[in-house]
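Visitor: Could you show me around this structure, please?

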Amino acid sequence: MLALVEPNAWVVLRLPSDSLKVMQIVPNTIVTLGKYGTFSSNLIVDRPYNLTYELLDRQPGQKDSDLRIVPASELHADTIAEEQAATPSSGADQITIGGDGVEFQLVGENGEVIVRSNRETIDDSARQTLTMEEIEELKREGTGAGKDLIAKLMASHLGIEQKTAFSLAKYKLLKTKKYLRRFTILPLDVPMLARWMMEEKDASKILEMREEMVGLIGSWANAHFSESRPLDTSSLGGRWLVVDETGGLLVAALAERMGILYPSSEELSSENDHHAEIPLATSNTITLLHNNAQPNLSLLKYFSYDPTSASTSPHHPLSKHLHPLSWLQFLSPSSDPTYSTPITPLSPTTLSALKSGKRGTYYRKLRRHNRITSIVSSTLSGGFSGLAVASHMDPISILRHTIPLLSGGAPIAIYSPTIEPLVQLSDAYSTSRRTAFIQSPPASFTSLPPSSQNSWPGDEDFPLNPTLVINTSVQSARVREWQVLPGRTHPVMTGRGGAEGYLFTAVRVIPAEGRVEARGKFVRRKEGKSAEGTGKEKEKMAEDAEGGEVEAGSPPKKIKLEQSMDAVAEERVEASNAAATEEERVQTGATPKNAESREVQMAEP
């Protein structure tokens with residue numbers, strides 16, 4: 001992210017009322033802040049972020065206000081004064097506060113009020129001697145950037161002496177938020193965009209996904225910068241598969257982690273050659289699956305990227321690293337006319353004879369066809385490093401088609417405003433279903449060849465193949481703002497409600513081919529004999545090492561395994577000999593009792 005406010009950049013203005021205002025800083029224009037005033041946009045271009053400005057009084061004949069940078073000492077003057085006043089004095093031990101946190105009015109020996117209670121405080125408009133007409137006149141004059149008006153309001157209040165320190169600070173803060181003409185310029189990043197959408201705009205457009213949930217999805221999806229080097233053949237880079245119905249908020253969050261969200265000033269200022277075809281990136285990419293003909297990425301315009309606008313620079317990182325693909329192009333590419341209709345190449349002579357409008361249409365269609373063909377082929381090849389989903393669609397239907405495209409060990413993160421869809425998905429991958437599937441797989445699954453079993457569509461008992469995903473869990477997280485004061489610590493009661501938001505996480509695995517068997521004799525030893533047995537095993541290992549039977553230092557598990565294998569082999573030999581003897585007796589027609597009688601008769605003289 002850039003450190004200075006660039007021309008045509010989107011920024012956030014935090015007003016004294018703590019409300020956020022997102023606007024684009026276009027050079028040579030006027031920025032309007034409502035009741036606070038107006039100023040020229042050129043005054044903040046090429047200035048650092050996180051500075052607080054104050055709108056000065058307009059001079060005679062001047063339409064807009066000038067700006068003044070407020071120093072930090074002035075911003076935190078009240079806090080510094082409170083810390084200095086809180087320094088313990090000699091009479092500090094005379095202050096008594098009740099056990100329930102209520103402050104009592106105490107008077108010192110000289111008549112000075114040490115601690116004042118708010119028992120006699122009456123909040124009434126009659127205690128303010130200034131009328132509304134006088135207040136409006138002071139607001140129109142606007143002297144001192146609102147500080148003079150706040151001072152006169154406090155001076156004309158009849159009950160200002162009866163207020164406690166907390167009540168006085170609260171009253172001053174309320175008037176400051178209402179009349180002080182200041183604002184702070186903040187950079188527009190993904191957390192700030194999520195907060196602005198939740199508090200100032202329609203939260204349902206982003207599925208009520210708070211900034212802490214945005215961070216959790218990026219962490220569990222393991223999104224990071226992973227680009228393959230030109231000469232390094234061992235690393236293939238990372239590719240993430242995304243289903244986003246939040247207007248591009250999820251794509252922006254992953255792109256920020258991957259380092260492809262913010263363009264540099266050189267990339268924005270480069271000339272656009274609309275006839276040149278820029279190759280797509282093969283690593284560190286985001287493949288976006290969407291429902292409509294064009295993806296809904298309206299929030300990406302705040303990061304200088306709009307796929308539907310011709311003014312978007314083709315050198316923007318998202319132009320090469322973001323690969324949009326519709327579900328129709330993904331599931332049935334031949335049904336999509338853009339993919340299935342090839343563009344007939346034209347010779348340079350024919351192109352030169354065309355008009356500029358038709359020539360531009362030809363190049364645009366050719367670029368679109370080549371782009372869609374490349375994205376479809378790379379997506380169907382699979383090998384994605386992770387999956388992130390934030391959608392109203394059924395997650396079971398999404399994973400049925402996207403799980404085969406993930407590589408082994410790829411993380412899965414699915415967000416939903418409600419918990420019910422994620423509970424059903426977690427039940428489809430439960431341990432009991434996996435055990436039942438392994439012991440008796442469905443006939444529709446076993447009839448498929450091994451190469452097609454990963455794409456098995458499922459049945460009524462097994463909606464998904466439960467052997468392809470492990471470590472499933474459903475979690476939630478919410479950051480709550482608290483008021484921390486002596487005796488008055490509680491959550492802020494004006495906090496926003498809405499959907500809680502839940503996250504499903506899992507890991508893609510590749511089942512082992514064939515049947516896995518484990519054999520061995522496991523004898524549980526008593527605690528008293530464990531030490532003795534360990535000593536005998538060590539002595540035996542030393543004797544075997546001296547005799548050359550095993551190498552010195554070989555683990556005891558190896559000896560146990562060989563002994564168990566020899567015992568199993570001896571048991572099998574004895575069983576086979578017994579079976580042969582029994583078969584011979586059956587063939588001669590002799591029973592064990594007849595055989596004994598014959599031996600007795602033969603023994604008689």
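Guide: Two strands pair if DSSP finds at least two bridges between them. Helices (H or I, at least four residues) and strands (E, at least two) are DSSP runs, numbered from the N terminus. This is a predicted model, where local features need pLDDT of at least 70, side-chain atom pairs count only at pLDDT 80 or more, and totals for chains, interfaces and linings use all residues. Residues are numbered from 1 along each chain as its sequence is written, and side-chain values use heavy atoms, with hydrogens and water left out.

Visitor: In what order do the strands of the open sheet come?

Guide: The sheet has 5 strands with antiparallel pairing. Its edge strands, each pairing on one side only, are β2 (20-25) and β6 (67-69). The order is β2-β1-β9-β5-β6.

Visitor: Which residue in β9 stands opposite arginine 14?

Guide: Strands β1 (residues 9-14) and β9 (residues 182-187) run antiparallel and are joined by 4 bridges. Opposite arginine 14 stands threonine 184.

Visitor: Is isoleucine 260 buried or exposed?

Guide: Isoleucine 260 sits in the loop between α8 (249-258) and α9 (265-269). Leaving aside neighbours within four places in sequence, its contacts (heavy atoms within 4.5 Å) include Ile286, Pro317 and Leu318. Buried means under 20% relative accessible area, exposed over 50%, partly exposed in between (1.4 Å probe, protein chains only). Because its relative accessibility is 3%, isoleucine 260 counts as buried.

Visitor: What distance separates the C-alpha atoms of isoleucine 260 and asparagine 284?

Guide: Along the chain these two are 24 residues apart. Asparagine 284 is also among the contacts of isoleucine 260. Their C-alpha atoms are separated by 8.5 Å.
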